[in-house]
Amino acid sequence: MRNWSDRNIEEILGEILRAGVILSALVVFVGGWLYLIGNAWARPDYRIFRGEPTDLRTLGGIFHGALQLRARAVIQLGLLCLIATPVLRVMASILGFAAERDRMYAIFTSLVLGILLYSLLGAGSAF
Amino acid sequence: MNVAELTLLLVIASFLAGLLGSLTGLGGGVVLVPLLTIFFKVDIRYAIGASLVSVIATSSGAAAAYVKEGFSNIRIGMFLEIATTVGALCGAFLSTIAPSQVLAIIFGLVLLCSAYWSRKPRTRQERDLPPDPLATRLKMNGSFPSEEDGRARPYNAQNVPAGFSLMFGAGAISGLLGIGSGAMKVVALDQAMKLPFKVSTTTSNFMIGVTAATSAGIYLNRGYIDPGLAMPVMLGVLSGSLLGARILMTAETKILRLIFSLVIVTLGAQMIYQGLSGSL
């Protein structure tokens with residue numbers, strides 16, 4: 001059965017998702033603008049996969065570059081905000097289930113958070 | 001082609017993909033990768049990275065509206081996300097070792113399957129099923145606002161193990177190919193677990209973001225996400241799908257779905273051909 005607190009969790013989740021998407025789209029847009037100003041006439045080649053340079057693959061590198069307003073790093077920062085949105089949503093659900101004293105679902109949701117954090121922070125990554 | 005021209009073309013193409021994907025309910029991600037690899041000659045790994053990012057954006061954008069309306073079942077979603085995230089981890093790891101040609105062939109096959117699923121007439125929904133012991137213990141039964149009279153209509157979830165296994169597969173495909181695999185998630189919820197269709201589609205959408213974020217971490221670390229490509233693709237798909245969600249089409253949707261399915265079949269065949277002939 002749905003009850004009032006279930007509805008409350010859902011409304012908070014909805015707000016988190018909306019705010020995260022808007023924020024990240026804005027940051028990506030600003031980064032994109034900078035990128036076009038600086039590189040409009042460059043000739044990109046995506047035919048062969050080379051992988052991104054390290055400073056666009058790691059959390060530290062992206063923050064560092066974005067602070068210096070380097071266009072590509074600003075875009076990556078926006079994309080990081082986007083990736084963080086579902087993570088925040090999962091965290092908020094854990095709090096919601098805990099507030100409802102639903103221990104079973106608080107555990108299930110923590111498990112999902114653990115897997116997410118493992119892929120973002122563990123998993124042989126450079127973060 | 002220079003950056004300015006490429007960015008403009010990518011924004012337009014992604015906008016159309018997002019618009020059509022949202023109008024037909026088939027998702028924009030599924031045509032993005034073939035679009036990028038076949039027409040823009042982008043390596044499939046960069047294409048997968050850009051597509052996955054836009055999948056998170058559209059899923060979160062749409063889910064924000066759905067959760068408020070009370071259609072999606074967050075308990076079912078959260079429980080099954082255990083399966084999709086583990087699947088996504090496996091898929092993303094496989095994706096880093098699989099050769100481009102193999103990825104292209106699998107992608108083509110998935111495109112053909114999703115076109116088939118979207119054309120298949122839905123079996124008549126069984127209503128008022130008895131509660132299933134496992135689903136009841138997991139507190140999965142719920143209710144949703146019915147279209148007929150607006151009153152809460154209760155439903156009982158069925159067959160949790162089958163739903164869970166299918167979700168693992170959906171997560172693996174999502175991590176491997178950078179798509180949302182919404183079609184497979186809906187099959188798990190609607191066909192296996194016998195949830196009402198509206199609950200299935202919204203819950204699936206709600207889950208796609210978390211599944212995609214799991215593989216996105218690995219993609220980012222491996223350098224699949226190129227800012228110059230992901231920027232126009234993400235902004236284009238997001239604005240297209242938000243516009244699509246606002247236009248309510250009734251009569252034309254059928255023709256649109258048919259056209260979009262044909263596009264998907266053509267792209268799928270092309271991906272398989274290019275994968276087999278090694279011309280990617």
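Predicted model: local features only at pLDDT ≥ 70, side-chain atom pairs only at ≥ 80, totals over all residues.
B:Lys41 sits in the loop between α2 (29-39) and α3 (44-69) of chain B, where helices (H or I, at least four residues) and strands (E, at least two) are DSSP runs, numbered from the N terminus. The phi angle of B:Lys41 is positive, about 55°, although this residue is not a glycine. B:Lys41 is exposed, with 12 other C-beta atoms within 10 Å.

Residues are numbered from 1 along each chain as its sequence is written, while chains are lettered from A and ligands numbered from 1 in the order in which they are written.

A:Leu69 lies in the loop between α2 (59-67) and α3 of chain A. Its phi is near 55°, a positive value in a residue other than glycine. A:Leu69 is exposed, with 11 other C-beta atoms within 10 Å.

Now take chain A as a whole. It has four helices and zero strands, so its pattern along the sequence reads α-α-α-α. The radius of gyration (taken over C-alpha atoms) is 18 Å, well over the 14 Å that the globule rule gives for 127 residues, so chain A is more spread out than a compact globule. That rule is 2.2 Å times the number of residues to the power 0.38. Along the principal axes, the C-alpha atoms of chain A fill a box of roughly 60 × 30 × 30 Å. Of its 127 residues, 39% count as buried.

Confidence is given by pLDDT, the predictor's score for each residue from 0 to 100. In chain A the mean pLDDT is 86, and 91% of the residues reach 70 or more. Confidence is lowest in α1(A), at a mean of 86, and highest in α4(A), at 93.

Last comes the meeting of the two chains. Two residues are in contact if their C-beta atoms, placed from the backbone, lie within 7 Å. The contact takes 55 residues from chain A and 52 residues from chain B. On the side of chain A that touches chain B, the elements giving two or more residues are α1 (4-39), α3 (71-99) and α4 (103-121). The most come from α1(A), with 18 residues.

Technical notes:
Buried ≥ 20, exposed ≤ 12 C-beta atoms within 10 Å, placed from the backbone.
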